[in-house]
Amino acid sequence: MDSVVVLSGGSGGAKLARGLAEACEHLTVVANTADDVDIYGVHVSPDPDLVTYWLADQIDERGWGLRDDTWKVMEALERAGRPHWFRLGDRDLAMCLVRTELLRAGHSLTEAHRAVVEAMGVGAHVLPMSDARVSTWVGARGRTLPFQEFMILERGEGPVESVELRGLERAPPSDAVLQAIAAAEAIVIGPSNPVISIGPILSLPGMREALRAAPAPVVAVSPFVGGRSIKGPTEAFCEQAGIEASAAGVASAYAELLDGIVADEPLEDLPSLVTDTLMDSAESRARLAREVLEFARSVRG
């Protein structure tokens with residue numbers, strides 16, 4: 001397939017995007033921006049950046065940030081007694097400065113992140129899900145916190161009591177996102193957290209309608225391997241949302257959108273591809289990407 005759109009958060013969706021970039025001619029990644037945060041005087045877009053760094057083959061072995069980055073700014077903040085809990089390497093911070101400068105000059109988030117993508121030498125398109133601000137707030141242990149504070153300062157410790165998307169009603173998908181979806185030959189919902197990564201994208205006003213109207217098949221890749229999430233608090237968020245940690249649970253979350261699902265377990269009542277979905281090497285990412293595209297071809301029309 002020539003034109004593929006992937007809906008992605010970080011980690012799993014970004015890994016799959018890396019494999020798909022080598023398997024199709026035109027790749028567009030629509031990335032969650034409900035995790036964005038303003039800190040240190042810059043606008044940080046963790047998921048679009050993580051996707052971009054994966055596509056640039058510059059992701060650090062930690063799974064976030066840039067490989068071989070330095071930490072002089074964080075060290076200086078620590079010596080100055082300033083908050084430094086949100087860790088940004090120096091090169092990572094530079095990319096945030098590129099984005100922030102354009103935002104302050106009146107450019108949209110889509111335009112501002114395009115500059116980051118170009119600076120990293122990435123040929124694929126990485127689109128923020130919306131040019132308007134949406135922020136995820138998490139309720140846990142009687143407190144409601146911005147997503148990054150919950151994940152980093154609170155170490156993601158649940159149980160998760162609530163998830164709130166603030167600003168959602170004023171945040172339609174960008175024109176670039178809608179155009180990419182309408183022109184796609186395949187649309188893939190990546191193996192990212194269904195609640196806090198994919199959930200905000202699908203909750204944008206008009207997004208589900210755009211996906212249902214798209215001529216391309218829509219297939220999802222389950223984020224669960226052997227019934228467990230690979231990374232992060234996916235299971236805790238799914239439990240709060242009433243989503244079973246299985247292919248069936250993922251299928252139910254995306255029910256009216258899907259033409260098929262890719263998972264490591266069989267599923268009834270929906271076309272499915274059963275395969276190894278663990279992406280722990282370049283070879284496994286490339287293999288899964290090829291299989292996903294072949295499966296999408298098989299469910300077309």
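Is Tyr-40 buried, partly exposed or exposed? At 27% relative accessibility, Tyr-40 counts as partly exposed, where buried means under 20% relative accessible area, exposed means over 50%, and partly exposed is in between, with a 1.4 Å probe and protein chains only.

Hi everyone, and a word on what we are looking at. This is a predicted model, in which local features need pLDDT of at least 70 and side-chain atom pairs count only at pLDDT 80 or more, while totals for chains, interfaces and linings use all residues. Residues are numbered from 1 along each chain as its sequence is written, and side-chain values use heavy atoms, with hydrogens and water left out.

Let me stay with Tyr-40 for a moment. You'll find Tyr-40 in the loop between strand E3 (37–39) and strand E4 (42–44). Helices (H or I, at least four residues) and strands (E, at least two) are DSSP runs, numbered from the N terminus. The phi of Tyr-40 is near 60°, a positive value in a residue other than glycine. Most residues other than glycine have a negative phi, and most peptide bonds are trans. Arg-155 also has a positive phi, of about 55°, although it is not a glycine. Arg-155 lies in the loop between H6 and E8, and with a relative accessible area of 68% it is exposed. In the loop between helix H6 (147–153) and strand E8 (160–166) you will also see Pro-159. A cis peptide bond, with omega of about 5°, joins Gly-158 and Pro-159.

Now to the sheets. Here, two strands pair if DSSP finds at least two bridges between them.

Strand E9 (residues 186–189) pairs with E10 in the parallel sense over 3 bridges, and Val-188 stands opposite Val-219 in E10. Strand E10 (residues 218–221) is in turn joined to E13 by 3 bridges, again running parallel, with Ala-220 opposite Ile-261 in E13. Then E13 and strand E14 (residues 272–274) pair in the parallel sense over 3 bridges, and the bridge partner of Val-262 in E14 is Leu-273.

How are the faces of strand E13 (residues 260–263) covered? Both are: Gly-260 and Val-262 on one side, and Ile-261 and Ala-263 on the other, are all buried.

Strand E6 (residues 135–140) is joined to E8 by 6 bridges, running antiparallel, and Val-138 stands opposite Val-163 in E8.

Next, a helix pair. Helix H1 (residues 12–21) and helix H12 (residues 282–299) pack at an angle of about 75°, with their axes 8 Å apart. H1 and H12 are therefore roughly perpendicular to each other, the word used for angles of 65 to 115 degrees, while under 35 counts as roughly parallel, over 145 as roughly antiparallel and the rest as oblique. Among the residues making the contact are Leu-16 and Leu-20 of H1, and Leu-288 and Leu-293 of H12.

Finally, Thr-52. Which helix holds Thr-52? Thr-52 is found in helix H2 (residues 46–55), and it is buried, with a relative accessible area of 0%. Leaving aside its neighbours within four places in sequence, Thr-52 is in contact (heavy atoms within 4.5 Å) with His-113, Val-116, Val-117, Met-120, Val-122 and Val-126. Thr-52 and Gly-121 are 69 residues apart in sequence and 9.3 Å apart in space, C-alpha to C-alpha.

Thanks, and I'm happy to chat!

Key
Axes fitted to C-alpha atoms, helices over the stretch in contact; angles between N-to-C directions.
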